[in-house]
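Here is a short briefing to read alongside the model. Please keep the viewer open and follow the residues as they come up.

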Amino acid sequence: MLKKIFLITMMTLLALEGLSAITADEIIKRLEQNEGSMEASCTIQITDSLGTKTKSFNYTKSAKGDMMLEFTNIEEKGQKILRLEDEIYLYFPDAEEIIHLQGESLKDSVMGSDFSYEDLTKENKFENKYRAVLEGEEDIDGFPCYKVVATAKSRDVVYPKQILWVDKKLFAYRKAEMFAGSGKMLKEMFVREIKVVSGKSVPTYMEMRDPLKKNNKTVFIIKNLKVDMDIPDSVFSLEELSW
Amino acid sequence: MVKKWLVWAILVLLALPLHGEILTLIKLSDSLLFTHELNDTVGVMNYVDSVLNFKSAGNRNVKAELELEATVSDQLLLNITKAYFKARFPVFRLTMGKTRVSWGEGFLFNAGDLIFDGLSFPSAISTGDLRIETDYMAVLYFPLGRFSYFETVYLPKPVMVDMDPSPSSEFYMPASVDIGSTEAGGRFQFDIARTKLEFGYLYKGALRSHNAFVSLQGNLLVDWNLSASCAINQDNADPELIKQSLGVSFGLFSQFGLGSDSSLTLRLESAIKPFQRWEEDPSPPAFPAMPSYALYLFPDITFAIDSSLSLQLRSLISPCDASAMIFGGAGWNPYQGLTFNFYAGAMAGDSNDIFGWGREKDFFIMLETQFLFGTELGE
């Protein structure tokens with residue numbers, strides 16, 4: 001009888017452990033479930049030793065990851081960026097010109113900020129591009145997080161290695177560290193605010209730092225957020241870009 | 001003339017609040033230019049360039065823009081660089097007024113740009129925007145899917161005539177021109193296998209010529225573009241003239257991230273007129289006139305050190321007479337809207353070359369301060 005109780009207890013404990021255990025791939029999958037179509041007004045504040053410069057833009061993203069950016073700050077007013085899977089179209093209203101870029105240009109920064117075009121759309125293909133391993137759990141700003149180490153499967157990425165701290169409850173980033181192939185840390189990102197809109201957790205205040213430049217940081221703020229909308233493909237077209 | 005411009009500007013400014021949502025942008029730049037003159041002296045020039053730009057906002061289907069540019073030195077030069085509206089309908093888009101359309105591909109050399117002659121030299125290659133010429137036009141744009149469209153353009157080529165007989169004042173009005181001297185055409189753009197293909201036609205009434213172009217743009221390790229154009233005279237379809245008109249432009253472009261916030265941009269463009277002169281002309285006209293050489297090159301390197309500081313080296317090279325115009329510069333953007341530019345340029349060639357040392361202004365240094373500010377009214 002005792003043996004039977006022991007066996008049942010052991011089986012129950014094992015089953016419970018199986019239920020609570022989560023793999024890195026599942027965390028990434030839950031993270032990506034927070035992705036989807038989105039419309040927002042965004043601000044990038046670039047700070048260096050002389051002060052802060054602000055860029056603002058309207059951001060529209062489709063469920064499959066196509067993205068349209070329209071700058072609204074005075075210096076770049078009317079400039080637009082259409083980002084598709086592996087190509088970029090830039091529109092310059094002064095010259096009424098559309099420039100089509102592919103390849104390395106995707107890794108370039110958005111208007112001199114610490115964010116690249118890849119940063120703005122990377123999550124959609126994260127699973128295909130990185131091999132993730134769960135390294136444990138840590139608190140970030142008092143929030144319990146999973147610590148996931150992601151190593152690139154190929155060279156075709158901006159950051160060969162990333163360490164992500166994913167909120168255990170909201171399945172959104174709380175912190176990320178991005179590394180070069182040499183192991184040197186390139187960027188460090190802190191998420192200061194996460195909003196839950198229509199059941200999706202979206203980081204709305206992010207701070208990116210270059211660890212080598214103490215006085216420099218880029219703050220990315222998302223406002224007027226709408227998610228899970230039906231955005232027609234025509235929004236991501238040359239006609240809309242040049243309008 | 002100054003009084004007239006001021007009255008007009010004030011009237012425009014007064015009218016703004018009536019229409020609600022208007023974006024205003026003002027760009028002021030002060031340039032100090034030192035030049036090496038023919039008699040071995042140094043010339044100094046100082047001028048202020050101001051751009052006043054008004055854009056409508058708030059209407060998703062109608063847009064309008066008015067841009068006035070004034071250069072103030074010992075006299076005022078005023079130019080209306082843009083004055084147009086555009087309206088979007090379910091199947092087409094209409095643009096009317098003074099504006100720009102960009103045909104073909106290429107940053108400096110673009111054989112596909114039949115409207116603004118993309119194989120000519122711009123008056124200066126030291127500044128950022130090299131091709132921003134505008135003209136009066138009516139444009140119909142028909143989207144044919146996400147990445148293809150058809151566009152027709154009509155350029156009336158208006159002539160402005162001084163209607164005031166008094167020599168002390170000027171009053172310009174558009175005068176009617178012969179419809180035969182106007183320009184009309186169209187272009188079609190689509191994608192095939194991730195390569196952009198564009199072709200078009202433009203009839204130039206003043207020259208009585210039929211002009212056509214084809215342009216391709218794609219990526220093979222680096223971004224590339226290739227355009228070609230030719231012209232057939234309506235009255236003289238001599239094959240030799242057609243050959244002489246053949247122009248080709250080819251460009252390569254790539255951008256590399258260096259470290260976390262530096263980038264290097266490399267560009268090489270060429271203008272080729274294969275049936276023009278490949279050997280040196282003993283007495284070519286000076287820049288910016290373009291002698292009929294078969295080949296010109298435009299290498300351009302920009303190194304953005306960070307979001308505030310960049311270095312640039314660019315050149316116009318004429319391999320046929322082994323001469324070049326070389327520019328080096330730096331731009332610094334310390335505060336929002338404020339940019340300091342420093343440029344130095346020199347000719348490198350014999351005195352009778354197109355970019356010859358010993359010609360007027362064969363060396364210059366320019367210091368430019370630019371401040372951009374604006375406001376959004378009615379929002």
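Two residues are in contact here when they have heavy atoms within 4.5 Å of each other. Keep in mind that this is a predicted model. With that in hand, let us begin with a serine in chain B. B:Ser323 touches B:Leu316, B:Ile317, B:Ser318, B:Ala348, B:Gly349, B:Asp353, B:Ile354 and B:Phe355, leaving aside residues up to four places away in sequence.

- B:Ser323 belongs to strand β18, which covers residues 323-335 of chain B.
- With a relative accessible area of 2%, B:Ser323 is buried, because the cut-off for that class is under 20%.
- One of the contact partners of B:Ser323 is B:Phe355, and the side chain of B:Ser323 reaches the backbone nitrogen of B:Phe355 at 3.4 Å.
- B:Thr369 sits in strand β20 (residues 363-377) of chain B and is partly exposed, at a relative accessible area of 32%.
- Not counting residues up to four places away in sequence, B:Thr369 touches B:Leu28, B:Ser29, B:Asp30, B:Leu338, B:Thr339 and B:Phe340.
- Among those partners is B:Asp30; the C-alpha atoms of B:Thr369 and B:Asp30 are separated by 5.3 Å, although the two residues are 339 residues apart along the chain.

**Chain A as a whole**

- Chain A has 13 strands and 5 helices.
- Of the 243 residues in chain A, 54% are buried.
- Taking contacts in chain A between residues at least 6 apart in sequence, 44% join residues at least 24 apart.
- Chain A has an accessible surface of about 11500 Å², and carbon and sulfur atoms account for 53% of that area.

**Salt bridges**

- The count over all chains comes to 32 salt bridges.
- A:Glu137 and A:Lys168 form one of them, with N and O 2.8 Å apart.
- A:Glu137 lies in strand β7 (residues 130-140) and A:Lys168 in the loop between β9 (161-167) and β10 (173-179) of chain A, so this pair ties together parts that are 31 residues apart in sequence.
- In that pair, A:Glu137 is exposed, with a relative accessible area of 52%, whereas A:Lys168 is partly exposed at 29%.
- A:Lys195 pairs with A:Glu193 in a salt bridge whose closest N and O atoms are 4.0 Å apart; A:Lys195 is partly exposed at 40% relative accessibility, and A:Glu193 is partly exposed at 33%.
- In chain B, the side chains of B:Arg131 and B:Glu133 meet in a salt bridge at 3.8 Å, N to O.
- B:Arg131 is buried, with a relative accessible area of 8%, while B:Glu133 is partly exposed at 31%.

**A nonpolar patch on chain B**

- B:Val159, B:Val161, B:Met163, B:Phe171, B:Met173 and B:Val177 make a nonpolar surface patch of about 480 Å².
- One of its members, B:Val177, is placed in the loop between β9 (172-175) and β10 (183-192) of chain B.
- B:Val177 counts as partly exposed, at 31% relative accessibility.

**Cysteines**

- The count of disulfides over all chains is 0.
- A:Cys42 is buried, with a relative accessible area of 2%, whereas B:Cys230 is partly exposed at 28%.

Notes. Residues are numbered from 1 along each chain as its sequence is written. Chains are lettered from A and ligands numbered from 1 in the order in which they are written. This is a predicted model: local features need pLDDT of at least 70, side-chain atom pairs count only at pLDDT 80 or more; totals for chains, interfaces and linings use all residues. Side-chain values use heavy atoms; hydrogens and water are left out. A disulfide is a pair of cysteine sulfur atoms within 2.5 Å. Buried means under 20% relative accessible area, exposed over 50%, partly exposed in between (1.4 Å probe, protein chains only). Helices (H or I, at least four residues) and strands (E, at least two) are DSSP runs, numbered from the N terminus. A polar contact is a pair of N or O atoms within 3.5 Å; within protein, one must be able to donate a hydrogen and the other to accept it, and residues adjacent in sequence count only if both atoms are side-chain atoms. Patches are made of residues with over 30% relative accessible area and no salt bridge: like charges are joined within 9 Å, nonpolar side chains (Val, Leu, Ile, Met, Phe, Trp, Tyr) within 5 Å. Accessible areas come from the Shrake-Rupley method with a 1.4 Å probe; for residues, only the protein chains shown count as cover.
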